[in-house]
Amino acid sequence: MLNYNIRGENIEVTPAIREYVEKKIDKLERYFNDTPDANVHVNLKVYNDKQTKVEVTIPMPRLTLRAEERHEEMYAAIDLILDKLERQIRKHKTKVNRKFREKGNEPEFFAVSVDPENGIENLDAQYEDNDDEQDMDIVRTKTFNLKPMDSEEAVLQMNMLGHSFYVYTDADSNGTNIVYKRKDGKYGLIETEA
């Protein structure tokens, strides 16, 4: 069962918006054998230039779906979010199904669907030879020691290297943390838990 937590920033979440979001996101249930128990976190924002931004995060036991979209129209952004989430599920489903075939087990998490137009039993069969899979190949591996530092020093190191993220050991907590540059030019911090 999907439970919705819909928040609005600079916008009132009307019953019509709530109903539209829930109706769209509920369409994802067709990709699963059983409706997953998940909390759907939806954040709707309206900026001063009238641009809207929709963020959706759905943490589930075997994967976390997350997408965000900017658009002039709120409802169009919600439609585009659904497309992004469906692509994520199809990619993940293809990957999982491939691993299960290699091991000889049958997947139970994802539903098998039939496409009425071309009779494809698995909705993802058309994606299996997709070039997107090549994007997931690891083409280079780097190994380095994580130097203890604080987040400010990590941001400086990241900028000196010209990277968009930097992994380091936090000097206070001794945990592995990641700083990254956001699309808005500001910085983010990911702290890991032991």
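Predicted model: local features only at pLDDT ≥ 70, side-chain atom pairs only at ≥ 80, totals over all residues.
Colleague: Why do you say that the buried residues of H1 line one face of the helix?

Modeller: The buried residues are Ile17, Val21, Lys24 and Ile25, each with under 20% relative accessible area. Seen down the axis of H1, they fall within an arc of 95 degrees, and therefore they line one face.

Colleague: What is carried by the face of H1 turned away from that buried side?

Modeller: That face carries Pro15, Glu19 and Lys23, which are called exposed because each has over 50% relative accessible area.

Colleague: Why are strands E2 and E3 called paired?

Modeller: Pairing asks for at least two bridges, and 6 bridges join E2 (residues 38–46) to E3 (residues 52–59), so these strands, which run antiparallel, count as paired. Across from asparagine 43 stands glutamate 55 in E3.

Colleague: What makes E1 and E4 the edge strands?

Modeller: In the open sheet of 4 strands, with the order E1-E2-E3-E4 and mixed pairing, strand E1 (2–9) and strand E4 (64–71) each pair on one side only. Neighbouring strands of this sheet are turned by 10 degrees against each other on average, direction ignored.

Colleague: Which strands does H1 touch as it packs on the sheet?

Modeller: H1 touches E1, E2 and E3, with heavy atoms within 4.5 Å taken as contact, and the direction of H1 makes about 135 degrees with that of E1.

Technical notes:
Residues numbered from 1 in each chain as written. Heavy atoms only, no water. Buried < 20%, exposed > 50% of the residue type's maximum accessible area, 1.4 Å probe, protein only. Helix = DSSP H or I, 4+ residues; strand = E, 2+ residues; numbered from the N terminus. Arc of directions from axis to C-beta. Axes fitted to C-alpha atoms, helices over the stretch in contact; angles between N-to-C directions.
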